[in-house]
Amino acid sequence: MVCREYSDNNTIINNTFSGCFWMNYGSELCKNNKIVNNTFYKPVADGIYIQYCYYHSILNNTFIDNGIFIFKAYNNRIEDNIVNGKQLMYLENEEDTILTGNYGQILLVNCSNISSEQPQDLSHTVVGIELINTKNSTISNCTIYDNNWEGIYGNNASGNTLFNINTSSNWDEILFRYCNNNNISDSRLFQSAENLIIFDTCHNNILYNNIFGASNSDGVRLITSNNNTFIYNEFYGFDLLAALLISESASNVITYNTIRNSARAIMISCSDGNKIFYNQIIDNMFGVLCLSSYDFTSDNNTIKFNNI
């Protein structure tokens with residue numbers, strides 16, 4: 001079932017949906033709908049995908065192996081929903097809050113200084129965590145696997161800290177767009193259907209002491225993302241593409257990392273001023289590939305036992 005442009009002031013109540021339910025596919029055209037006391041089963045991707053929608057009430061719904069995905073949707077009331085038997089935690093325009101419950105999803109919109117440190121299992125849903133226009137918050141001690149889309153999705157999120165995050169078998173483990181000055185540390189990301197991490201137009205982020213292992217695409221992909229730092233991370237087992245791909249991105253620092261047993265350890269394309277030093281690059285098909293890139297610095301790396 002799909003609600004598209006100009007679908008306003010509707011009430012959807014007491015139904016069972018076995019498929020993908022979309023609230024709008026357009027821009028700022030869908031408002032003031034109510035979705036109450038429904039049950040959503042997995043068979044297709046999302047439970048409810050909310051895009052460019054405002055002033056909706058989504059109340060007392062049950063999601064089984066799916067949930068809610070939010071993309072540029074604000075001023076909605078989302079309360080008392082259940083994901084896989086656990087509370088769906090949705091906060092909007094909140095600050096200085098400590099989350100202490102056991103959740104099926106954590107969705108933060110326009111929030112600041114939110115903290116979740118209690119162990120969470122945010123698996124078998126659409127996305128485990130969303131950080132939308134959210135800043136200076138801390139998320140830790142999470143297990144996130146087998147979600148339909150991302151493990152963690154961030155859009156315009158800044159100054160946040162993610163640590164001790166264990167993810168696997170999501171479409172992408174982490175997807176950040178327009179996210180700056182965030183820290184990701186002490187986490188383990190494995191076996192995504194696509195990429196482990198995508199940074200799309202993200203700057204000044206730090207990835208420290210993480211383990212990245214195996215995916216069907218690249219490990220970490222930087223796209224038009226500058227001044228990010230990778231330090232003391234381990235990459236291994238990227239048999240198809242690159243452990244670390246840097247594309248149209250400048251002035252990133254890759255240091256004291258270990259990259260091994262991959263098709264390409266580091267691939268740099270159309271990217272200037274990146275610095276690679278004091279890394280261990282071992283047993284890969286290709287060590288470092290640099291294409292159409294300038295002012296590239298590579299010092300004091302150990303590059304051995306690579307085929308080329």
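Modeller: Two strands pair if DSSP finds at least two bridges between them. Strands (E, at least two residues) are DSSP runs, numbered from the N terminus. This is a predicted model: local features need pLDDT of at least 70, side-chain atom pairs count only at pLDDT 80 or more, and totals for chains, interfaces and linings use all residues. Residues are numbered from 1 along each chain as its sequence is written, and side-chain values use heavy atoms, with hydrogens and water left out.

Colleague: In which sense do S8 and strand S12 pair, and over how many bridges?

Modeller: S8 pairs with S12 (residues 68-71) in the parallel sense, over 4 bridges. Tyr-49 stands opposite Phe-69 in S12.

Colleague: How do side chains sit in a regular strand?

Modeller: They alternate between the two faces of the sheet. In S8 (residues 48-51), Ile-48 and Ile-50 lie on one side, Tyr-49 and Gln-51 on the other, and all are buried. Buried means under 20% relative accessible area, exposed over 50%, and partly exposed in between (1.4 Å probe, protein chains only).

Colleague: What is a salt bridge, and how many are there by this rule?

Modeller: A salt bridge is a side-chain nitrogen of Lys or Arg within 4 Å of a carboxyl oxygen of Asp or Glu. The count is 4. One of them joins Arg-177 and Asp-200, at 3.4 Å from N to O. This pair links distant parts of the chain, 23 residues apart: Arg-177 is in strand S24 (residues 172-177) and Asp-200 in strand S27 (residues 197-200).

Colleague: Is Asp-218, the partner of Arg-221 in a salt bridge, buried or exposed?

Modeller: Asp-218 counts as buried, because its relative accessibility is 4%. The closest N and O atoms of Arg-221 and Asp-218 are 2.7 Å apart.
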